[in-house]
Amino acid sequence: MQWKHSLFLLVFVASACSTTRDIEPITTASAAMGPTPPSRPAIACSDGTSTIDSDFEGAAMAGCQVVGRGHYRLLIRQEDQKVTNCSAWYAFRVQAAEPAEVVVDLDYERCGHRYLPKIWVSDATSVQCEVGDAELEKDTRITRFVARQRTSCGTGASDVPSREAAWQQISPERFIVTGRGEGEIAQARLAIKAMPVPQIISSQELFLPADYDAWLSSLEAISDVTRSTLGRSLEGRAIESISFGGGGNSPREQLVVVGRQHPPEVTGAFALTAFTERLLEDDPLAQAFRARFETTIVPLLNPDGVARGHWRHSRGERDLNRDWGPFTQPETRLLRDKLEAIEIDPTRELRFFIDFHSTGYDVLYTLDKELVTNPAGFTDAWVTDYQARLPGYEVTEQPGHNPDSPVSKAWVYERFGVPTMTYEVGDETDRDLIRKIGRAAAEATMETMLNHHVTDE
Ligand SMILES: [Zn+2]
């Protein structure tokens with residue numbers, strides 16, 4: 001098998017910590033599902049038995065040191081000195097010629113630990129066949145992801161899990177956070193069973209530009225969905241949008257949705273995908289909505305930051321959601337231009353704008369209650385409808401507005417006077433619940449937009 005050959009080559013060349021421009025990347029067991037190369041210098045180190053590296057998209061570690069046999073120390077550092085937000089993102093790959101216990105210390109230069117580690121195995125089927133379900137059960141807290149990936153051994157390619165399905169959370173007894181005190185270096189320690197198949201350990205599930213591409217392709221297959229490229233990021237990655245609905249109405253009323261201004265905010269991305277898919281279903285509510293409204297969705301505004309494993313910034317070293325006003329970055333300018341084009345087009349009228357993010361818990365940042373929007377009373381009706389769709393779930397709303405704040409929600413309201421919302425999803429919110437609330441948000445959006453008519457402008 002080719003990965004074995006590559007692994008031995010890697011171990012031979014990288015006997016100590018070094019950058020790896022001249023080292024062959026590890027070939028994954030499942031090339032179709034394998035990670036793509038990173039866009040910043042990869043790092044690898046090896047104790048001669050196991051190997052740790054960052055040679056794939058979304059990876060992030062600033063240094064790697066072999067402390068002893070089976071013991072590594074990884075330096076976790078933000079992408080540039082101007083980052084002040086504490087979304088300490090890490091993602092690395094572990095592999096060994098023979099199964100081996102490995103201890104990995106994550107040393108945080110600042111901020112400390114935030115994300116519970118998730119594990120992705122490149123070929124989960126073969127791992128389960130190798131170690132057996134019982135052993136896997138002992139080693140990892142089985143989550144919904146595993147429930148979906150369960151396959152019997154040797155049942156063929158059709159049972160290979162999707163990338164999303166293969167993520168598991170690390171078990172609590174294999175993970176500890178230490179050194180959080182004042183002046184201490186924050187540290188998290190993980191115990192990992194390295195195996196011949198590569199495993200990726202990551203802050204959150206990797207949801208990369210290639211995954212968006214696949215997702216957009218699946219939506220494109222739906223009639224009425226138009227996929228287009230708004231432009232390019234600073235590093236030349238496509239910033240794409242899909243639009244659908246509106247028919248021959250005039251004016252074509254508009255819903256505009258954006259996601260992933262902040263690279264680590266994967267749970268917001270999961271909500272955005274569920275939201276989008278709900279709008280595209282074929283029930284009477286979605287049909288009525290699409291008949292009247294045109295929707296434009298820009299799911300990935302910061303593809304460079306996502307590909308490079310950034311904590312916060314774009315490739316231009318800016319927080320994109322603090323750039324609404326200055327518009328120093330190509331990414332924010334593209335979406336501003338899209339919104340401005342709607343404004344000057346006499347056949348189109350912007351009605352509602354939502355920006356998907358992640359934070360410590362689920363919360364809706366809505367506009368201050370004193371503000372007048374057109375249509376009036378929209379946000380209260382939206383929140384009431386949303387809450388009614390989620391019995392047993394408590395919706396948290398935090399209204400506010402600062403007209404000078406360079407965030408999308410404030411800028412779009414100031415510029416167009418329409419209702420705007422920042423939809424925040426908790427980092428560790430249950431993934432099935434995220435789908436549920438994302439769908440409920442879509443239903444609340446459709447119902448409220450259908451029931452509210454604007455006054456003359
Ligand atoms: Zn954010």
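Guide: Start at tyrosine 386. Beyond its neighbours within four places in sequence, Tyr386 is in contact (heavy atoms within 4.5 Å) with Leu364, Tyr393, Val395, Tyr423, Ile437, Ala440, Ala441 and Ala444. A word on the basis: this is a predicted model, where local features need pLDDT of at least 70, side-chain atom pairs count only at pLDDT 80 or more, and totals for chains, interfaces and linings use all residues. Residues are numbered from 1 along each chain as its sequence is written, and side-chain values use heavy atoms, with hydrogens and water left out.

Now the helix. Helices (H or I, at least four residues) and strands (E, at least two) are DSSP runs, numbered from the N terminus. Helix 9 spans residues 378-388, and its buried residues are Phe378, Thr379, Trp382, Val383, Asp385 and Tyr386. Buried means under 20% relative accessible area, exposed over 50%, and partly exposed in between, with a 1.4 Å probe and protein chains only. The face turned away from the buried side carries exposed Thr384 and Ala388.

What covers the buried residues? The cover includes strand 18 (348-359), strand 19 (363-366), strand 20 (397-399), strand 21 (420-426) and helix 11.

Step out to the core. A nonpolar core is a set of buried Ala, Val, Leu, Ile, Met, Phe, Trp, Tyr and Cys residues joined through side-chain atoms within 4.5 Å. The largest one has 91 residues. Tyr386 is among those with the most contacts inside it, along with Phe92, Leu106, Trp382 and Tyr423. Helix 11 (residues 431-451) gives this core its largest share, 8 residues. At least three core residues come from each of domain 1 (2-202) and domain 2 (209-451); the domain bounds come from an automatic or database domain assignment. A second, separate core has 18 residues, including Trp324, Leu334, Leu339 and Val418.

Last, the whole protein. There are 11 helices and 21 strands. Buried residues make up 58% of the 457 residues. Of the contacts between residues at least 6 apart in sequence, 75% join residues at least 24 apart.
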